[in-house]
Amino acid sequence: MRGLHADAGYLLYRLGLRSGQLFNAFLQESGLRLRHYALLRFLATSEGVLQRELSTSLGYDPSAIVGLVDDLEKLGFAERRPSPDDRRSRIVVLTADGRAFLRDTDEAGLRVTNDLLQPLDPAERDVLHSLLRRVAETGLG
C-alpha cells in the first residue's frame, strides 16, 4: 500500500495549504488575504483588465472577483475605470497605492517563500520553480 507522501498530488495539496497559511499570516495585518494579493500581483502585469477576464485568468468565481475588487478599491489599491475599447465595460487597474503596497510587501513575501523552501538549496529551488511553472502553465492556462 502506498503512503500519502508517495502521491505527488497530495504533496502539492499539502504544500499549497502550508504556503497559503504562511502568506495569509503575513498578509493578515494589512487586512488582505492571499486571493487579494494574487489579484494585485496579476494587475501589476497589465495596464488594466476587464473584470470578467480576471475571473478566467485567476480561476476565481466571477462573484468572488467582484468582492475582491470591492475590497481593493476600499483600500485604494485598485480602481474600476471605463474600458478604452468599450465604454460599457469596466477594467480594473492597479493604483499607485497598490503598486506601493506590492513593493512594500516584496521583502516579506520573499521571507515567506524562503521559509517554505528552506530545505532546498538555490539550485533545487530553481528546478522546483521551473517544474511547477511548467505544470501550472500547462494545467491552468
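Reader: Which side chain meets R133 in a salt bridge?

Author: This is a predicted model, in which local features need pLDDT of at least 70, side-chain atom pairs count only at pLDDT 80 or more, and totals for chains, interfaces and linings use all residues. Residues are numbered from 1 along each chain as its sequence is written, and side-chain values use heavy atoms, with hydrogens and water left out. A salt bridge is a side-chain nitrogen of Lys or Arg within 4 Å of a carboxyl oxygen of Asp or Glu. With 2.9 Å from N to O, the side chain that R133 meets in this way is that of E137.

Reader: In which helix do R133 and E137 both lie?

Author: Helices are DSSP runs of H or I with at least four residues, numbered from the N terminus. R133 and E137 are four residues apart, about one turn of the helix, and the helix in which both lie is α6.

Reader: Is E137 buried or exposed?

Author: Buried means under 20% relative accessible area, exposed over 50%, and partly exposed in between, with a 1.4 Å probe and protein chains only. Because its relative accessible area is 52%, E137 counts as exposed.

Reader: How far apart are the closest N and O atoms of the salt bridge between E107 and R111?

Author: E107 and R111 are four residues apart in helix α5, so they are separated by about one helical turn. E107 is exposed at 57%, whereas R111 is partly exposed at 47% relative accessibility. In their salt bridge, the distance between the closest N and O atoms is 3.3 Å.

Reader: Where around α2 do its buried residues lie?

Author: The buried residues of α2 are H36, Y37, L39, L40 and L43. They cover an arc (taken from the directions from the helix axis to the C-beta atoms) of only 160 degrees, so they lie on the same side of α2.

Reader: Is Q51 buried or exposed?

Author: Q51 lies in helix α3, which spans residues 51-58. Because its relative accessibility is 19%, Q51 counts as buried.

Note on methods:
Helix = DSSP H or I, 4+ residues; strand = E, 2+ residues; numbered from the N terminus.
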